[in-house]
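Visitor: I'd like to go through this one label by label and hear what backs each of them up. Can you show it to me?

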Amino acid sequence: MPTLSAPDGTLLAYHASGSGDPLICLPGGPMQDSGYLGSLGGLDARRTLIRLDPRGTGASGVPEDPASYRCDRLVEDVEALRVHLGLDTVDLLGHSAGANLAALYTARYPGRVARLVLLTPGTAAVGLETTGEERLAAARLRSGEPWFGPAYAALEELAAGRGSAGSFEAVAPFFHGTWDEAARERHAAAALRRNGEAAGVYAGAGAFDPEATRAVFAEFGRPVLVVAGEGDANTPVPTATAYAALFPKAELAVLAGGGHFPWHDDAEWVATTVGTFLS
């Protein structure tokens with residue numbers, strides 16, 4: 001497995017698969033290893049996917065300084081990967097919380113990003129807030145599902161600022177376009193892929209400066225694609241729409257009926273949509 005050293009000496013591992021020009025892929029979680037991204041629905045038939053395991057996850061090493069798990073400090077790991085690959089500019093994809101890292105990398109190194117894909121993105125890096133009603137509206141698209149009642153009640157609790165750890169677990173179906181056995185298995189496996197200690201540091205105080213990031217984005221003239229799932233209660237379509245509006249040249253693509261992991265809902269759509277954009 002290919003590896004490189006981060007600026008602080010931490011060993012970083014990445015996975016390369018597919019053919020074509022490289023696409024650096026940053027996983028979410030936060031701080032989940034990149035294995036769950038797989039081929040992103042067959043996108044590796046169009047591009048060589050370079051999936052980085054964040055420090056402390058997957059095959060990457062554990063840093064000496066736990067504070068280095070903070071998102072803004074992870075930017076230099078991505079830059080080290082670009083240098084290691086010998087790329088003058090990169091095409092960059094960030095999924096979910098990994099989109100926050102992609103955003104911070106773009107803000108710090110705008111001249112190094114040729115194309116940016118924000119896949120059902122987290123929005124902490126740009127300070128966008130999603131209202132409870134926006135989450136509930138996305139969830140109501142699933143009202144015909146047999147599990148809907150208890151899951152929706154839990155989401156109402158969370159939207160009202162209440163709820164518990166059990167509530168978070170109960171709303172899991174709203175993150176998947178289809179809550180079948182395969183989705184339940186993926187959901188259960190996610191906890192094993194995630195570094196909980198690192199996740200607690202990722203968005204710590206000082207990690208994000210939304211005003212500064214948005215100022216860079218307002219001048220970022222390279223192509224940007226924001227992908228949303230119509231039924232994604234984590235990043236509802238209004239949130240994704242507002243994110244795309246931060247850039248002068250951004251496209252918004254919405255998968256009908258899709259969830260937070262759209263390549264599991266319609267692999268061909270994701271591979272074609274993202275692949276066409278990148279070409």
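**Labels and their cut-offs**

Guide: Let's start with C25, which counts as buried because its relative accessibility is 0%, and buried means under 20% relative accessible area, exposed over 50% and partly exposed in between, using a 1.4 Å probe and protein chains only. Bear in mind that this is a predicted model, where local features need pLDDT of at least 70, side-chain atom pairs count only at pLDDT 80 or more, and totals for chains, interfaces and linings use all residues. Residues are numbered from 1 along each chain as its sequence is written, and side-chain values use heavy atoms, with hydrogens and water left out.

Visitor: How do you know that C71 is in no disulfide?

Guide: A disulfide is a pair of cysteine sulfur atoms within 2.5 Å. For C71, the nearest cysteine sulfur is that of C25, 16 Å away, so C71 is in no disulfide. By this rule the count comes to zero disulfides. C71 is buried too, at a relative accessible area of 0%.

Visitor: What makes the peptide bond from G29 to P30 cis?

Guide: Its omega is near -5 degrees. Most peptide bonds are trans, and most residues other than glycine have a negative phi. P30 lies in the loop between β3 (22-26) and β4 (48-53); helices (H or I, at least four residues) and strands (E, at least two) are DSSP runs, numbered from the N terminus.

Visitor: Which residues other than glycine have a positive phi?

Guide: M31 is one of them, with phi near 60 degrees, and T120 is another, with phi near 40 degrees. M31 lies in the loop between β3 and β4, while T120 is in the loop between β6 (113-119) and α3 (132-140).

Visitor: Why do M31 and T120 count as buried?

Guide: M31 has 2% relative accessibility and T120 has a relative accessible area of 0%; those values are under 20%, so both labels hold.

Visitor: And why is F175 called partly exposed?

Guide: Its relative accessible area is 24%, which falls between the 20% and 50% cut-offs. F175 sits in the loop between α5 (165-170) and α6 (181-193). Leaving out residues up to four places away in sequence, F175 touches D232, N234, G259, H260 and F261, where contact means heavy atoms within 4.5 Å.

Visitor: How do you know that the span of helix α11 agrees with what it should be?

Guide: The expected span is 1.5 Å times one less than the number of residues. For the twelve residues of α11 (267-278) that gives 16 Å, and the end C-alpha atoms are 16 Å apart, so the two agree. Among the buried residues of α11 are V270, V274 and F277. The cover over the buried residues of α11 includes β3, β5 (90-95), β6, β7 (224-229), β8 (250-255) and α10 (262-265).

Visitor: On to the rings: how many aromatic pairs are there?

Guide: The count comes to ten aromatic pairs. Rings of Phe, Tyr and Trp (its six-membered ring) pair if their centres lie within 6.5 Å; planes under 30 degrees apart count as stacked, over 60 as edge-to-face and the rest as tilted.

Visitor: What makes F220 and F247 an edge-to-face pair?

Guide: The centres are 6.4 Å apart and the planes are at 70 degrees, so the pair passes the 6.5 Å limit and the angle is over 60. F220 lies in the loop between α8 (210-218) and β7 and F247 in the loop between α9 (237-244) and β8, so the pair ties together parts that are 27 residues apart in sequence. Both F220 and F247 are buried.

Visitor: Why is α1 called roughly perpendicular to α2?

Guide: Helix α1 (71-85) and helix α2 (98-108) pack at about 70 degrees, with their axes 9 Å apart. Axes are lines fitted to C-alpha atoms, for helices over the stretch in contact, and angles run from 0 to 180 degrees between N-to-C directions. Under 35 degrees is roughly parallel, over 145 roughly antiparallel, 65 to 115 roughly perpendicular and the rest oblique, so α1 and α2 are roughly perpendicular.

Visitor: And what makes α3 and α4 roughly antiparallel?

Guide: The axes of α3 and α4 (148-159) cross at roughly 170 degrees and come within 9 Å; that angle is over 145, so roughly antiparallel is the label. Residues of α3 including L136 and A139 meet residues of α4 including Y152 and L155.
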